[in-house]
Amino acid sequence: MTGEPVLEVRDLCVDYGVGKGGVRAVTDATLTLRRGEVLGLAGESGSGKSTLAYAVTRLLRAPGVITGGEVRFHGPDGVLDLLEADAATLRRIRWDQISVVFQSAMHALNPVARIDAQLTDALRAHRSRLGAAERRERAVELLRLVGIGEERLRSYPHELSGGMRQRVMIAMALALEPRVVIMDEPTTALDVVTQREILDELMQLKDRLGFAIVFITHDLSLLIELADTIAIMYAGRIVELADAQRLFHSPRHPYTLGLLNSFPALHGERVRMEGIPGAPPALTALPAGCAFHPRCPFALERCAHETPRLTEPAAPDGAPAPDGAPAGRAAACWLHTGGEHVPAPLARVLGSTL
Amino acid sequence: MTSTDTARVVHGPKRPGTPALEARGLTKHFPVHGGLRRGRVVRAVEDVSLALPEGTVTAVVGESGSGKSTLSRLLTRLTAPTAGELLLDGEPVGGSARARRAYAGQVHLVLQDPFSSLNAVHSIRYHLRRPLKLHHGLRGPELDARAAELLERVSLTPAERYLDKFPHELSGGQRQRVAIARGLAVRPRVLLADEPVSMLDVSIRLGVLNLLDELRERERLAILYVTHDIASARYLADTVVVMYAGQVVESGPAVQVTDAPAHPYTRLLLSAAPDPHRREPVVLRGRGAPPSLIDPPSGCRFHPRCPLAMPVCAESAPPVRPAAGDQVAACWLLDPERAPGTAPA
């Protein structure tokens, strides 16, 4: 499952605005994406998950400013720091090596250009030696890859259904066989059946072509089925990082636990669930200490003034890291720094049956 | 169940007595204006009969275009039906202006988007006082006392902290609570909630669903919960009604419908829903997209997507038949004469 890293993010910080009016949208984000892996980024609106993705690809627009950290991309010709890269380098890497599928396919496609023109545009820019016939051939191949017939080549976006448009977006992102595809809520606006069809196809393509995916969504229940590793974000920080099964069966951060308790189950007894009290904080008025402490049922005194860092939980959770991956899991919570009594729901051990 | 020309099945929770709101044979065809299909109609809702007894939650589940929102708008009388009638406490609803206002005082709608359903230039106090003035003729200090009481009923306490706030100062969940409080101001019997939590952050959705649950218990409201999320329908509702292409395809007790679905479309919906407990890969029970409602498929509208379709499905529409207990479904597989040897699992 895990291979060598393709994208390493270290201590990334992003602000919106500078000086007094500025707010910090992403704080000290550290992540590693490996070849062929699906990394899920989950969080509520305003948690910084999209900002993080745009900062990594240097697509962040003013007033967004990257104020610290590094982003190392392992490309075919060596390691490259994306935050240091100049415009020409970025132009070479974007789409070719790292591509993005945006949330709203309705708005991301050009309404006055036909599908074939939009599909071959990237080929024309990045593969200039290809002739017109070869480009068309590739466009047909790409559409077939995502389950759309050749006859749709001359269609305009408005002639396609929402699901088809999202498929075209995915085909475009895969046009140059990138190493990394970043997907920002790619199926949120779609019906569940269409969503499932597209995700099934996407996972098959990933296995066949070997690209890695950063999948951003607010739907944690979907992510647990889909992702290998999940990072949970809250108020701009990664608060928990673990492989999907351990995150689901033995969460360590109280926010993760609360999120998991916010999705009603499809099976079993109906029990009243409580979700999380309160509402996510505004970035302009973040609580001191751990940003989650006002909503946390297990908050300690120090949570109100000291911010916990993302570290490996002190309590062993009983399961070895999958395939010997280093640093199996991490949580940013004072309960797990040792010496504290860990409440039972946050001390669950992953069953040996898994 | 009454038998007129054809036996009509009324969906919704089964309770003794007269339901608070009943719809009989509601049908809505929207005319198509202009273009090549001018003069034709979109068959958005076809012959839906629904009973909403007090103290119950009925969930209407379906994909976009299934007619679930049109149904809730028909029930509010914001949209006039092409055919069918509404009965409030067993009495046919009149068409006069006075009857309309009385109806609005009994049946209230909570909209999907609390960011646009509240007026940005007015305080919460204003939003809550309006219905109290217009429907109950309250004046003076009593108004504020009642407004504060309304906020307490939706757990926005202390009320003084919220009364003078403006919508933009509240979170999405708090705004949705204000929208519900405003609905309660008229002392309705029926609350129609059209996707009330889909625009809210995940962590605060349950709070609003639990509030609806408390209102059912405490105020004995009849609640219609329209959603695309079958898991939340299972969580909240007494009865789940599944709609497809403008028709009800299945209804029954919430847990029964989700644990043992009788209609192939319900099975498709359930197989596609996110489920962290799922161990084996997803097997989708059917493919494709919902049909055009201008020219719906003949027979059963689901047959082009149905993995179990039989020749009869393309020819004639299946009748609604009992599946188990109070669970009913419109599927030829439930017909002992038509179904092949194997009954649906």
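How many bridges join strand E1 of chain A to strand E2 of chain A, and do the two run parallel or antiparallel? The views below come from a predicted model, in which local features need pLDDT of at least 70 and side-chain atom pairs count only at pLDDT 80 or more, while totals for chains, interfaces and linings use all residues. Residues are numbered from 1 along each chain as its sequence is written, and chains are lettered from A in the order in which they are written.

View 1. Strand E1 (residues 5-16) and strand E2 (residues 23-34) of chain A run antiparallel and are joined by 8 bridges; strands (E, at least two residues) and helices (H or I, at least four) are DSSP runs numbered from the N terminus, and two strands pair if DSSP finds at least two bridges between them. The bridge partner of A:Leu7 in E2(A) is A:Leu33, and in the hairpin, with 6 residues between the strands, A:Gly17 takes a positive phi near 80°. E1(A) also pairs with strand E4 (residues 64-75) of chain A, in the antiparallel sense over 8 bridges, and here A:Tyr16 stands opposite A:Gly64.

**View 2. Helices H6 and H7 of chain A.** The axes of H6 (residues 162-174) and H7 (residues 192-209) of chain A come within 10 Å and cross at roughly 15°, the axes being lines fitted to C-alpha atoms over the stretch in contact, with angles from 0 to 180 degrees between N-to-C directions. H6(A) and H7(A) are therefore roughly parallel to each other, a term for angles under 35 degrees. Among the residues that meet are A:Ile170 and A:Leu174 in H6(A) and A:Ile198 and A:Leu202 in H7(A), where contact requires C-beta atoms, placed from the backbone, within 7 Å.

**View 3. The open sheet of chain B.** In chain B, 8 strands form an open sheet with mixed pairing, in the order E6-E7-E8-E3-E9-E10-E12-E11. Strands E6 (107-110) and E11 (320-324) of chain B stand at the edges, each with a single partner strand, so one side of each is left without a neighbour in the sheet. Within the sheet, E3 (residues 56-61) and E8 (residues 222-227) of chain B run parallel and are joined by 6 bridges, with B:Thr58 opposite B:Leu224.

**View 4. The contact between chains A and B.** This contact takes 33 residues from chain B and 34 residues from chain A. The largest share of the side of chain B that touches chain A, 7 residues, comes from H7(B).

Key:
Parallel < 35°, antiparallel > 145°, perpendicular 65-115°, else oblique. Contact = placed C-beta atoms within 7 Å.
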